[in-house]
Amino acid sequence: MSILPNAQNFRVDNMHIYPSQHVQNTQDNRMDGWKMLLKNVASNALHDSRARFDAPKCDEGTRVEVTKELMDWIQDCDAPQRLLCMTGAAGAGKSALQQTIAGKCSDSSTLGAAFFFSAGDPTRNNLSYIVPTIACQLGLRNPALRDTVAKAIEEDPLIFERQIKVQMDTLVVAPFKHVCASGELDRSTFPHCILIDGLDECSGEDNQAELLSTVKHCLLDNDLPFRVFISSRPEWAIRSALDNGPEGYLYQLAYHIKLSDIRSRDRRAHSPLWPTEEDIEKLVAAASGQFIYAATVVKYVSERRGSPVDRLRAVIDWTPEGGQQTRPLELLDILYRNILSTAKELYEGVDTNQGRDFLLLVRAHQMNSDGRIGMVQSSTRDYDEIISLEEEGHQVLFSDLQSLVYVRQDPAYTKNDLYEHELADIVKLYSDKWKERYQEYGLKEKC
């Protein structure tokens, strides 16, 4: 409102202008970044969420050793490996351990953030909310960090639509570095533990792999104090990342606990007398210095679809007396052949699989992975349909062959394709039989 409107040619002496008491807050019209963040948080994923009331946790006096191992790792901030991956089968107690650790970390003021995936909850079965949820929890630990996160959102309101690597850099890494540099945050006392449970319940293997890659590039590759604890079933994404091979980019960086340890599933395996010295000596003699033999035995005995005691006894029974050390490869062939035969019996013994030729199906998948049927290589899922298996039928087909085969992502096809190692030599013994059957179906093997 104007003072003295339309006035001309006049003079005012001794005029005092007093500031108005109704000063508009310049921030009223500014976007509130923190409120925007809260709209993109999955509150159900918090360790103490009301939606997760009475979440499973370890009973008093149980899982004492593994709980201590986990807490020792979290509290040892000088340990070089800042990522811990705990893998285990369904029902192995991964979530119960995560919940227990979350409670202990919360009580000791070391819990920075937690995110519990759940396949049945649309707010926590994908990657849409995980970074904002982590950023929110970290921001609540320090006012300056909270303000910096909010400002970052105000400067880029579309941040929640960007890739999660960009989100993690923008909402976690950059703000944390900024407040540390300004002296507003003491990294030595900041709650440093980040828990992520149920990675396998995040929809899509590509999404799981993207999250693992983001953790590596954003949290591990930067000079940050965070110690990240991830639990998951041993699905492709985490299994390949932890693999001791070209694709295992987390192998050297992660402390890996396999919760599906063979001693956890069979009471007989808890005995200090198992395995016996005699059994060990027999296996050592049979291996004849071949690591692949020992590794295959361990993988086979560790598979969750059977008793480790019974499986080890089967391996011992398959091993000829005397070790035949002059022909070590023959013992490896015997081991492969018996694992394959046992898997065949178990597969064909299931009612829904009656009439199916297990060895033919294995060989078919193997030949497809080699690109030897037709002129192209089909993805494993597509090939299931081609050979009339149900969706994800290859998972059932190879469920008892995990010690011999694995499924991995082929960058050239960006699909799931089957790869095998020495099993091929055993399977190919049935070559003539399969060629005849393939010709019956009108299929030709590419030379």
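Mentor: Start with a definition: two strands pair if DSSP finds at least two bridges between them. Helices (H or I, at least four residues) and strands (E, at least two) are DSSP runs, numbered from the N terminus. This is a predicted model, in which local features need pLDDT of at least 70, side-chain atom pairs count only at pLDDT 80 or more, and totals for chains, interfaces and linings use all residues. Residues are numbered from 1 along each chain as its sequence is written, and side-chain values use heavy atoms, with hydrogens and water left out.

Trainee: Which residue in β4 stands opposite Leu84?

Mentor: Strand β1 covers residues 83-87 and strand β4 covers residues 227-232. The two run parallel and are joined by five bridges. Opposite Leu84 stands Phe229.

Trainee: Which are the edge strands of the sheet?

Mentor: The sheet is open, and its five strands pair in parallel in the order β2-β3-β4-β1-β5. An edge strand pairs on one side only, which here holds for β2 (111-116) and β5 (254-258).

Trainee: Are α9 and α11 parallel, perpendicular or oblique to each other?

Mentor: The axes (lines fitted to C-alpha atoms, for helices over the stretch in contact; angles run from 0 to 180 degrees between N-to-C directions) of α9 (residues 277-287) and α11 (residues 308-318) come within 10 Å and cross at roughly 55 degrees. Angles under 35 degrees count as roughly parallel, over 145 as roughly antiparallel, 65 to 115 as roughly perpendicular and the rest as oblique. Therefore α9 and α11 are oblique.

Trainee: Which residues of α11 make the contact with α9?

Mentor: Contact means heavy atoms within 4.5 Å. From α9 come Asp279, Lys282 and Leu283; from α11 come Leu312, Arg313, Val315 and Ile316.
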